[in-house]
Amino acid sequence: MIGKLRLLVIICCLSVTKLVFSQVGEYRNDLSIGINAGYVFSNVYFQPKVGQSLHGGITGGVTLKYVCEKYFKTICAIQAELNYAGIGWKENILNANNSPVINTVTGKAEEYERTMNYIQLPILAHLGWGREHNGLQFFFQAGSQLGYCISESTKTNFNVNERNEKERVNNTVAQDTMAIEHKFDYGIAAGIGMEYSHSKIGRMMLEARYYYGLGNIYGDSKRDYFGRSNFGNIVLKFTYLFDIIKTKRK
């Protein structure tokens, strides 16, 4: 875990340093700030495997974008965010016939969902192609993300001591009663999207992003139950920015 984190930090620092200081194209000094909001589809990659469907939750926060260079037709920038996100996992509890498992006590199909609320800090290298101002621009961005869990909650319609384990095709249930062990999370994120800018209304961005966690929410030693328990998130996001600093152009 320590080795992965060091590698992530080194890659992030080198990428940002190169982007900021290797001014071989047209100089830019454009700073924008704004807000973002969206929806997150998440799951946890458990080993042993846990059957899941996508967990849905909201995300939102503040965004800071700094454009430092235009290299040929590529607009180079750094984007940082400070977000809240509700992520987790939702179990898909099925029997051998691929049908929902019915609880013998309640008579209802068993449901289980865990939500973990995170404060997240993504720092991304942002590359765009198109109009810098008063027009449409397509972009790709990638970088690192740090997160910290501030709370967690469980939603279920059965007593975990009365679950119907006999009919379950997947009997991995330890996670149902385990609180999160590692609140600190880190990983890599990448996304694509488009940005529309106008001098009077500011900048609007639509993006689809994927996050892959490099850390585990549970212990992963030989003594622990899970060998793997990292996040995978699909994020759909809208961002509104307004310019603070603009490069003076001739």
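Asparagine 43 lies in strand β1, which spans residues 26-47, in this predicted model. With a relative accessibility of 18%, asparagine 43 counts as buried, because the cut-off for that class is under 20%. Beyond its neighbours within four places in sequence, asparagine 43 contacts Gln52, Leu54, Gly88, Trp89, Asn230, Phe231, Gly232 and Asn233.

Phenylalanine 231, one of these partners, has its own set of contacts outside the four places on either side in sequence, including Asn43, Val44, Tyr45, Met116, Tyr118 and Ile217.

The largest nonpolar core holds 24 residues, and those touching the most other members are Phe46, Trp89, Met116, Tyr118, Ile217, Tyr218 and Phe231. Two or more residues come from each of β1, β4 (74-91), β5 (112-130) and β9 (228-245). The greatest contribution, four residues, is made by β5.

Aromatic rings form 11 pairs in the model. Two of them are set out below.

| Ring pair | Distance of centres | Angle of planes | Class |
|---|---|---|---|
| Phenylalanine 46 and tryptophan 89 | 5.1 Å | 85 degrees | edge-to-face |
| Tyrosine 118 and phenylalanine 231 | 5.6 Å | 90 degrees | edge-to-face |

The pair of phenylalanine 46 and tryptophan 89 joins distant parts of the chain, strand β1 and strand β4, across 43 residues. Both of these residues, phenylalanine 46 and tryptophan 89, are buried. Tyrosine 118 in strand β5 and phenylalanine 231 in strand β9 likewise link distant parts of the chain, being 113 residues apart; tyrosine 118 and phenylalanine 231 are buried.

Ring pairs also connect Phe46, Trp89, Tyr112, Tyr218, Tyr225 and Phe226 into a cluster.

Conventions: Residues numbered from 1 in each chain as written. Predicted model: local features only at pLDDT ≥ 70, side-chain atom pairs only at ≥ 80, totals over all residues. Heavy atoms only, no water. Buried < 20%, exposed > 50% of the residue type's maximum accessible area, 1.4 Å probe, protein only. Contact = heavy atoms within 4.5 Å. Core = buried A, V, L, I, M, F, W, Y, C linked by side-chain atoms within 4.5 Å. Phe/Tyr/Trp six-rings, centres within 6.5 Å; stacked < 30°, edge-to-face > 60°.
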